[in-house]
Amino acid sequence: MSYELKDHESKSEDVISRPNKLKVTNDSLLTSNEKLKSKIEGINQAKQDSLLPSKQELVSVNKELVSTNEKFATLNKQVISFSEKIKQHDITQADFINIAAYELKTLTHVIIGYSELLQMDFEGDNINTHNYNTTKKVLKVIVRSANELQKLINDILNIAKN
């Protein structure tokens, strides 16, 4: 029985001392927990402090991006405006070329027509041979030049159409 009593006594001592041990363990856990909380708060604060310059940099970069975007929008409007002016210039230039070519072509038709008429008039026996030969050579040059001029004007009209 002494064995049993001894065993029972040791169990009761364990049961009596156990709450004290648990209290000590609990207190040490609470202390450790407080220390860990303090360390975590310190780490979090350090991270937040290290992020502050990054936040400020991000705000600054964002402002620069907004400014750059506004400048880009302004430049884009200018490009569109210049593009419209270039289109209008091209239309005006094409109109000018068409009008100029039409006028030049009309004149060359007149030159060619009258030169050919004069050329036919000098192909007879009634003409003074001295003036006739000179005039005939000049008329051939006029007709040849007028034909070349007409070819050039046709080329200009073809370029203007394209």
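Y114 is placed in helix α1. The model described here is a predicted one. The side chain of Y114 is exposed, because its relative accessible area of 57% lies over the 50% that marks exposed residues. Across the chain from Y114 stands V143: the two residues are 29 apart along the chain, and their C-alpha atoms are separated by 9.2 Å.

**Overall make-up**

The chain contains 2 helices and 0 strands. Helix α1 covers residues 2-121, and helix α2 covers residues 129-161. Of the 162 residues in the chain, 8% are buried. The accessible surface of the chain amounts to about 14,100 Å², and carbon and sulfur atoms account for 60% of that area. Where contacts join residues at least 6 apart in sequence, 74% of them link residues at least 24 apart.

**A nonpolar patch on the surface**

Y114 also belongs to a nonpolar surface patch, together with V110, L117 and M120. The accessible area of these four residues together is about 430 Å². L117, like Y114 a member of the patch, is located in helix α1. L117 is partly exposed, with a relative accessible area of 44%.

**Contacts between the helices**

T108 is another residue of helix α1. Is T108 buried or exposed? Its relative accessibility is 1%, and T108 therefore counts as buried, the limit being under 20%. Leaving out neighbours within four places in sequence, T108 is in contact with A146, L149, Q150 and I153. The side chain of T108 also reaches the backbone oxygen of K105, at a distance of 2.7 Å.

One of the contacts of T108 is Q150, a residue of helix α2. Q150 is buried as well, with a relative accessible area of 16%. Which residues does Q150 touch, if those up to four places away in sequence are not counted? They are K105, T108, H109 and I112.

Two residue pairs, each separated along the chain, can be set side by side by their C-alpha distances.

| Pair | Separation in sequence | C-alpha to C-alpha distance |
|---|---|---|
| Y114 and V143 | 29 residues | 9.2 Å |
| K140 and E116 | 24 residues | 8.7 Å |

K140, listed in the table, has its place in helix α2. K140 is partly exposed, with a relative accessible area of 45%.

Side chains of opposite charge can pair when their charged atoms come close. How many salt bridges does the count give? The count comes to 1 salt bridge. The side chains of K151 and E148 meet in a salt bridge, with 3.7 Å from N to O. K151 is exposed, at a relative accessible area of 51%. E148, at 43% relative accessibility, counts as partly exposed, because that value falls between the limits of 20% and 50%.

Definitions and conventions. Residues are numbered from 1 along each chain as its sequence is written. This is a predicted model: local features need pLDDT of at least 70, side-chain atom pairs count only at pLDDT 80 or more; totals for chains, interfaces and linings use all residues. Side-chain values use heavy atoms; hydrogens and water are left out. Patches are made of residues with over 30% relative accessible area and no salt bridge: like charges are joined within 9 Å, nonpolar side chains (Val, Leu, Ile, Met, Phe, Trp, Tyr) within 5 Å. Accessible areas come from the Shrake-Rupley method with a 1.4 Å probe; for residues, only the protein chains shown count as cover. Helices (H or I, at least four residues) and strands (E, at least two) are DSSP runs, numbered from the N terminus. Buried means under 20% relative accessible area, exposed over 50%, partly exposed in between (1.4 Å probe, protein chains only). Contact means heavy atoms within 4.5 Å. A polar contact is a pair of N or O atoms within 3.5 Å; within protein, one must be able to donate a hydrogen and the other to accept it, and residues adjacent in sequence count only if both atoms are side-chain atoms.
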